[in-house]
Amino acid sequence: MSRSNTFSTYGSVAKGFHWLTALLIFSAFPLGYFANELAHEIQSPGFDGSQTVIERATLLFSLHKTVGVAVFFTALLRILWALSQPKPGLLHPDRKAEALAAEVVHWLLYGSLVAVPLSGWIHHAATNGFAPIWWPFGQNLPFVPKSDAVAGFFGGLHWLLVWTLAAALGLHIAGALKHHVIDRDATLRRMLPGSGTLPKPPAQAHSLAPLLAAVVVWGGVLGGGAALGILGGHDPSGDYGAEGTAAPVVAAAPGAGGGWAVQSGTLGIAVTQMGSVINGSFGEWTAVINFEEPAAPGPAGDVEVTIAIPSLELGSVASQAMGADYFDSANFPTALFTAEIEKLAEGYQAAGTLTIKGETVPATLPFELELDGETAKMTGGLTLNRLDFGVGKSLPDESSLAFAVDVMVELAAKRTE
């Protein structure tokens, strides 16, 4: 069998690419489906934190993503090979509508085989954490930032293109079976190994009409997806995550003479999942601060911070974090930090207790303070152990979720009257 195409049939290289692509696609579809089913289970509020379920989901997602990358490179090589080869002619070019449909479907397939894995890959690169691609070249892509907005857009785009690919693939298979079973011609046999002598197609001319029609279909898919909000991703604001900020409201009147009202601030956390750092922030929290700068190191005031746990933005794992084995936000919707503020020889600290999920643990927050008349800027942070608060008890080791949780605080405040 010749490696090259002829006007009558496909060569061995084209056939190899065709059936390898089919094998990869029919592997990627079920892997993605079952991985998503497990993801919905994990993100549901009633998820019990089962390590077995999480490990199974991670395995399926990693397999799906790795196969997807293989599809991308296989499709590129297949297209490059096709461009260098003569294209076998249609056996029935006189059937104009059928010929146009076949050509449009081929264009949709070629485009989707590149766009589907690429959109999924960009979504993966823009997201922190969960389920790595199994290859030695890293998880990031050039020019793709870590961004919930980017991840949300390409996640929606991937979903749309997957269904476009599925529809084109279904039409392609139906057409091949129609030629083989109903027409009883050699269309399908041209792509089978050892196909023997095949009829020569009649002379025919190719046009750009099928390509233009495929572009119109893609435009319709994207336009429909945008109209339905699918391309907006899961976070319409696109402003939270690692860079999210909120303007807390003081929950109660501060003490006389030393009260400060928070004007703006960020309460962020960083967790390590599957070896990758995931940054997030709480969108709603309040602070009551009493502070007077002492002349020498010593007591300087007190602070009380109330945090709305359901306001946590943590990328694709935010819903999972609300589950019973994690923050259990349904039963413990707030966290509370109360502390005495002390000026040190260098810097400051707020030493007190932090209550999360009903567990109260001693906590000390070192911080830096910049005072400028009636305004102040504060930055600080501390590291917590999630097991101290019963968070992720079903994950007793760090193989999937690290014990350490870094907390970062930044705020600007103004002295009250």
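Is Phe-72 buried or exposed? At 10% relative accessibility, Phe-72 counts as buried, where buried means under 20% relative accessible area, exposed means over 50% and partly exposed lies in between (1.4 Å probe, protein chains only). The model is predicted, so local features need pLDDT of at least 70 and side-chain atom pairs count only at pLDDT 80 or more, while totals for chains, interfaces and linings use all residues. Residues are numbered from 1 along each chain as its sequence is written, and side-chain values use heavy atoms, with hydrogens and water left out.

**Aromatic pairs**

- The structure holds eleven aromatic pairs; rings of Phe, Tyr and Trp (its six-membered ring) pair if their centres lie within 6.5 Å, and planes under 30 degrees apart count as stacked, over 60 as edge-to-face and the rest as tilted.
- One of these pairs joins Phe-72 and Phe-73 edge-to-face, at 5.2 Å centre to centre and 75 degrees between the planes.
- Phe-73 is partly exposed, at 37% relative accessibility.
- Phe-73 also pairs with Trp-121, and this pair is edge-to-face because the ring centres are 5.9 Å apart and the planes stand at 70 degrees.
- Phe-73 belongs to helix 2 (residues 51-83) and Trp-121 to helix 3 (residues 96-126), so their pair ties together parts that are 48 residues apart in sequence; helices (H or I, at least four residues) and strands (E, at least two) are DSSP runs, numbered from the N terminus.
- Trp-121 has a relative accessible area of 8% and is therefore buried.
- One aromatic cluster is formed by Phe-72, Phe-73, Trp-121, Trp-135 and Phe-137.

**Salt bridges**

- Side chains of opposite charge can pair when their charged atoms come close.
- Eight salt bridges are present in the structure; each is a side-chain nitrogen of Lys or Arg within 4 Å of a carboxyl oxygen of Asp or Glu.
- Asp-183 and Arg-95 form a salt bridge with an N to O distance of 3.2 Å.
- Because Asp-183 lies in helix 4 and Arg-95 in the loop between helix 2 and helix 3, this pair ties together parts 88 residues apart in sequence.
- Asp-183 is partly exposed at 22% relative accessibility, and Arg-95 is partly exposed at 31%.
- In the salt bridge between Glu-98 and Lys-178, the closest N and O atoms are 2.8 Å apart.
- This pair links distant parts of the chain, with Glu-98 in helix 3 and Lys-178 in helix 4, 80 residues apart.
- Lys-178 also meets Asp-183 in a salt bridge (2.8 Å, N to O).

**Surface patches**

- Patches are made of residues with over 30% relative accessible area and no salt bridge, like charges being joined within 9 Å and nonpolar side chains (Val, Leu, Ile, Met, Phe, Trp, Tyr) within 5 Å.
- A nonpolar patch on the surface consists of Phe-26, Ile-173, Leu-177, Val-181 and Ile-182, with about 490 Å² of accessible area together, an area computed by the Shrake-Rupley method with a 1.4 Å probe, for which only the protein chains shown count as cover of residues.
- Helix 4 (residues 148-183) gives the most to the nonpolar patch, with four residues.
- Leu-177 is placed in helix 4 and is partly exposed, with a relative accessible area of 46%.
- Glu-346, Glu-368, Glu-370 and Asp-372 form a negative surface patch; Lys and Arg count as positive and Asp and Glu as negative, while His and the chain ends are not counted, and the place of a charge is taken as NZ of Lys, CZ of Arg, CG of Asp or CD of Glu.
- Glu-368 is found in strand 8 (residues 359-372) and is exposed, at 52% relative accessibility.
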